[in-house]
Amino acid sequence: MEQLSNNIFELQYAMDTFYFLVCGALVMWMAAGFAMLEAGLVRAKNTTEILTKNVALFAIACTMYLVCGYEIMYGGGYFLSATDSVASMDEAAIAGVLASATEAGFGDMGEYSGASDFFFQVVFVATAMSIVSGAVAERMKLWAFLVFAVIMTGFIYPMEGAWTWNGDAVFGLYELSYSDYAGSGIVHMAGAAAALAGVILLGARKGKYGPNGEVNAIPGANLPLATLGTFILWMGWFGFNGGSTLKLGGIAVANEVASVFLNTNAAAAGGLIAALIVARILFGKADLTMALNGALAGLVAITAEPADPSPLLATVIGAIGGVIVVFSIVTLDKLKLDDPVGAISVHGVVGLWGIFAVLLSDADATFMGQLVGAVTIFAWVFVTSLIAWGVIKAVIGLRVSEEEEYEGVDLSECGMEAYPEFTKD
């Protein structure tokens, strides 16, 4: 009987590890979604540079989280020195895992390879950093952005991740009673807070705002790419939220995973429909960019709690996110905060809504717990990012010259154009 129990546990261990890895791969695919979305929403003359940012930030995030980020957040050791996988365990260690699992009732445990946990966590770090790249697009120096990526992924994000998902006390002062299933605040609002700090110091693109406060639209170069990017993100979000169950084995958990997938999809659909309708009412046209951001807003809104809501409630939560994002984008423009892709609105403002939407379905969550968690995350990321951006600005500068911005940062930063056969904007 004991041998049978061990065999079943080993099967569940393998299944949960494999599920973690597949979901991590789906989240990694979101990097392609961000790249395509941003490449579609910037002007043609800035496409190569935004793509360079996206592939480089992913590599930097993976490296910095390996070097020190995972240690800060979960205690996995510098250079993953304390992160075990089955391959690195000796027979005694494996026997110990089996014994503890059998004693505790392995059906209730999330046992999986430590290496698979690192892989799943690292792609979340890259997602947070990807949010920043679109908001500062078309006028920031490439290397200034990459230096900030090192700081964000190696220190700023892991610190707030340790306080939330790992349950550490904030600077040893207080512990957060904060619920965030897959990271509406921990990942999305954090990325938006870092982006907001950069946008404030960076300033708006030339020609975006007129002398009398008028807002001049600067259309993206490739809406088919932006639409493709949104669909890729939509698909990747099933790994983002679904993998956050942290396991798959067991009937109850399998049902939870199915509910997470269903609610994630419902919220995205609700967000898109709501944003499309609101844009039609406000602008008199079916605005594709608002529809795309509405879908992403729905996804961000449901991320903090995708397991508990009914499908109807998930759709409503996503729809409210879709309404919020349209008004937020318009409001930020009135405040002259230039965000070419709407990242601050989608991930920050709607991320905040997602944090409090948890209260609609999670009986264990409290208003004060969500409020203190949200304030802690935003304050930490915004202030430390503002300091980091400020130091980078003083040392190497944040913004390209006015001439380089006019010509396009593809040539000044990368020395090549994405569409060389076409005339520049």
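User: By class, what is in the lining of the second largest cavity?
Analyst: Keep in mind that this is a predicted model, where local features need pLDDT of at least 70, side-chain atom pairs count only at pLDDT 80 or more, and totals for chains, interfaces and linings use all residues. Residues are numbered from 1 along each chain as its sequence is written, and side-chain values use heavy atoms, without hydrogens or water. A cavity is a set of points on a 1 Å grid over the protein atoms alone where a 1.4 Å probe fits but cannot get out, and lining residues have an atom within 4 Å of a point. With Ala, Val, Leu, Ile, Met, Phe, Trp, Tyr, Cys and Pro as nonpolar, Asp, Glu, Lys and Arg as charged, and the others, Gly among them, as polar, this lining has no charged residues, two polar and eight nonpolar.

User: Which element gives the most to the lining of the second largest cavity?
Analyst: The lining is V27, M28, M30, A31, F34, F58, V123, A126, T127 and S130. With five residues, the top contributor is α1.

User: How much space lies in the largest cavity?
Analyst: There are three cavities of 30 Å³ or more. The largest is lined by residues including F34, S130, N293, L296, V346 and H347, and α1 (2-41), α4 (114-135), α9 and α11 each put in at least two. Its lining splits into seven nonpolar, four polar and one charged. Taking volume as the space filled by probe spheres set on the points, the largest cavity holds about 70 Å³.

User: How many charged residues are in the contact of α9 with α11?
Analyst: On the α9 side, the contact (heavy atoms within 4.5 Å) uses N293, L296, A297, V300 and A301, and α11 brings V346, H347, V350, G351, W353 and G354. By class, there are seven nonpolar and four polar, and the charged count is no residues.

User: What is the handedness of the crossing of α8 and α10?
Analyst: α8 (residues 251-283) packs on α10 with the axes 6 Å apart, at about 40 degrees. That angle makes the pair oblique. Among the contact residues are A266, G270 and A274 of α8 and A314, G318 and G322 of α10, and the contact divides into 15 nonpolar, six polar and no charged. The crossing is right-handed.

User: Which element supplies the largest share of the lining of the largest pocket?
Analyst: A pocket is an open set with protein on both sides within 12 Å along at least five of seven lines, and the largest one has a volume of about 630 Å³. Of its 28 lining residues, K208, T289, M290, I329 and D333 are the closest to the centre, and by class the lining has 15 nonpolar, six polar and seven charged residues. Both α9 (288-303) and α10 (311-334) supply at least two. The largest share, five residues, comes from α10.

Methods. Helix = DSSP H or I, 4+ residues; strand = E, 2+ residues; numbered from the N terminus. Axes fitted to C-alpha atoms, helices over the stretch in contact; angles between N-to-C directions. Parallel < 35°, antiparallel > 145°, perpendicular 65-115°, else oblique. Left-handed = near helix turned anticlockwise from the far one by under 90°.
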